[in-house]
Amino acid sequence: MRLITVSGPPSCGKTAVLSKACRALMDAGTACAVVKFDCLQSRDGEIYREIGVPVSVVFSGGLCPDHFYASNLEEAFAWAMGTGAGCFVIETAGLCNRCSPHLRGALGLCVIDNLMGIDAPAKIGPMLRLADLVVVTKGDLVSQAEREVYRHRIRQMNSRAVIRHVNGLTGQGCAELARIMEQAPDLSSVTDVKLRFSMPAAVCSYCLSETRIGVRYQKGNVKKARFGGGDVHDDH
Amino acid sequence: MSTTIIEGVFVPRTMTLTAGRDKSGRPEACDVSFAAGQVTALLGPTGSGKSRFLSDIESMAQGDTPTGRTLLLDGRSPDADERFALTGRLVAQLTQNMNFVLDMGVLDFLTTHAESRGAADPKDVADRVFAAANALAGEPFSPEIQLTQLSGGQSRALMIADTALLSWSPVLLIDEIENAGVDKKKALELLVQSDKIIVMATHDPVLALSAHRRLVFEHGAVRAVVERSGREEGVLARLSAMETEISRVRERLRRGAAVDGSKAT
């Protein structure tokens with residue numbers, strides 16, 4: 001089964017683009033299945049069901065969405081296998097923008113739109129930096145010069161990804177996207193496959209539902225920052 | 001056929017948009033071909049399919065847009081690689097979108113754009129675009145001002161100058177330049193170069209008659225192709241003279257001058 005992980009900030013058009021690409025894949029005879037990993041709520045299931053794609057929408061709720069995603073990948077893969085899909089799309093809500101859902105040996109796709117600020121490509125981090133394919137949406141709402149400048153910024157963050165402009169509303173470019181998805185690596189299992197980027201470390205008192213502020217309530221993996229003395233960077 | 005390449009862009013000598021279908025799915029009347037040096041005007045009521053037609057060219061439609069049209073360059077379909085290598089290079093487009101959304105200063109934006117286009121001296125190109133935009137805009141603006149703070153006319157002037165001087169492409173698409181709040185004659189002079197394929201959607205009679213031919217749209221499809229006749233050239237001359245007169249009077253009124261032949265107070 002071909003596996004594609006898709007990430008991108010909220011409301012950038014992931015579901016609009018993917019549902020149309022899945023439609024094109026199915027018209028060409030490739031069955032698709034979609035799992036949407038989301039945090040709190042989502043109506044995306046209806047959009048996929050409308051076009052006849054088997055879909056599972058699952059919510060991390062109180063858990064770190066990234067950990068929730070990684071802990072459920074094998075089961076998600078098994079479910080998609082069970083639908084008889086030839087192409088399995090995992091759509092995440094962009095996790096928390098600190099991570100990347102992309103896997104080594106699977107096709108990693110990042111969706112961003114042209115209406116975000118000029119620094120967005122730098123801010124959304126590893127999900128863009130480690131993607132194989134970057135799909136840019138909402139290009140019809142900006143000038144050509146802006147599309148080019150934005151593309152340049154994406155290129156600066158990720159020098160090797162294929163960049164494509166796609167219109168999620170009209171579906172323009174989705175047929176080409178489907179052709180690229182058809183070329184995604186064929187996997188028989190995700191067990192032992194590696195993430196391209198590490199998940200956040202946690203297990204502190206706040207992970208265990210502590211809500212009070214104060215040093216005396218903090219236990220476990222607690223990292224203290226230095227303020228006013230220049231930036232302290234994380235290793236990532 | 002020999003291939004022409006300018007600044008790394010493959011330059012087609014002809015471009016054809018095959019007949020698609022209208023909003024009800026009925027087949028379009030005919031294919032439309034374009035040649036370099038030819039200006040084509042698109043006419044028809046709002047919603048009749050002019051912008052869609054431009055967008056089919058811009059995206060190099062291959063039967064995958066709502067109209068089902070296919071773009072042929074020099075008589076053949078560009079392959080997938082060519083198509084996407086050319087996207088953003090084949091076509092320079094001036095759309096009706098009047099405002100910028102990126103949070104950048106004007107000169108910073110132009111310099112980055114010149115960089116992205118691989119200009120040898122991005123700063124110099126940016127300065128030239130900035131100067132041309134300021135000459136075109138009604139009210140001048142500073143190089144540091146944020147793109148999002150520009151007025152509609154200033155934004156449009158900047159887009160026009162950028163398209164003319166920075167975004168060199170063999171095909172130029174213009175969508176309703178007369179709505180720009182800038183001097184449309186000056187803007188066209190800056191934009192129109194004889195070696196390009198020029199396609200412009202317009203509601204303006206002078207602009208429409210300036211074109212070599214007109215495509216008439218109805219219900220999402222091309223209904224007729226009309227060449228400009230010799231008699232129409234006479235109409236164009238008359239309308240242009242009227243427009244010059246209107247501009248002259250408008251300028252005088254703006255400056256507080258009388259227009260009945262008496263001296264201004």
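What does the secondary structure of chain A come to? In this predicted model, the tally for chain A is seven helices and seven strands. Walking along the sequence, the elements of chain A come in the order β-α-β-α-β-α-β-β-α-α-β-α-β-α. The chain has a radius of gyration of 19 Å, close to the 18 Å that the globule rule gives for 236 residues, so chain A is as compact as a globular protein of that length. Laid along the principal axes, the C-alpha atoms of chain A fill a box of roughly 60 × 45 × 30 Å.

Next come burial and surface. Of the 236 residues in chain A, 50% are buried. Take the contacts in chain A between residues at least 6 apart in sequence: 74% of them join residues at least 24 apart.

Ser143(A) sits in the loop of chain A that runs between strand S6 (133-137) and helix H6 (144-157). Is Ser143(A) buried or exposed? With a relative accessible area of 4%, which is under the 20% cut-off, Ser143(A) counts as buried. Setting aside residues up to four places away in sequence, Ser143(A) touches Phe100(B) and Met159(B).

Then there are the charged pairs. Side chains of opposite charge can pair when their charged atoms come close. Over all chains, the count comes to 24 salt bridges. One of them joins the side chains of Lys36(A) and Asp44(A), at 2.4 Å from N to O. Both partners are tucked away from the probe: Lys36(A) is buried at 4% relative accessibility, and Asp44(A) is buried too, at 15%.

In chain B, Glu232(B) and Arg214(B) form a salt bridge, and their closest N and O atoms are 2.9 Å apart. This pair links distant parts of the chain, with Glu232(B) in helix H8 (residues 230-254) and Arg214(B) in strand S10 (residues 213-218) of chain B, 18 residues apart. Glu232(B) and Arg214(B) are both buried.

Chain B also has a salt bridge between the side chains of Glu233(B) and Arg228(B), at 3.7 Å from N to O. Back in chain A, salt bridges with shared partners tie Lys36(A), Asp38(A), Asp44(A) and Glu91(A) into one network.

Last up is Asp195(B). Where is Asp195(B) placed? Asp195(B) is found in the chain B loop between helix H6 (184-191) and strand S9 (197-201). Asp195(B) comes out as partly exposed, at 39% relative accessibility. Leaving out neighbours within four places in sequence, Asp195(B) is in contact with Ala36(B), Gly37(B) and Trp168(B). Asp79(B), for its part, is 116 residues from Asp195(B) along the chain, and the C-alpha atoms of the two are separated by 25 Å.

Key. Residues are numbered from 1 along each chain as its sequence is written. Chains are lettered from A and ligands numbered from 1 in the order in which they are written. This is a predicted model: local features need pLDDT of at least 70, side-chain atom pairs count only at pLDDT 80 or more; totals for chains, interfaces and linings use all residues. Side-chain values use heavy atoms; hydrogens and water are left out. Helices (H or I, at least four residues) and strands (E, at least two) are DSSP runs, numbered from the N terminus. The radius of gyration is taken over C-alpha atoms; the globule rule is 2.2 Å times the number of residues to the power 0.38. Buried means under 20% relative accessible area, exposed over 50%, partly exposed in between (1.4 Å probe, protein chains only). Contact means heavy atoms within 4.5 Å. A salt bridge is a side-chain nitrogen of Lys or Arg within 4 Å of a carboxyl oxygen of Asp or Glu.
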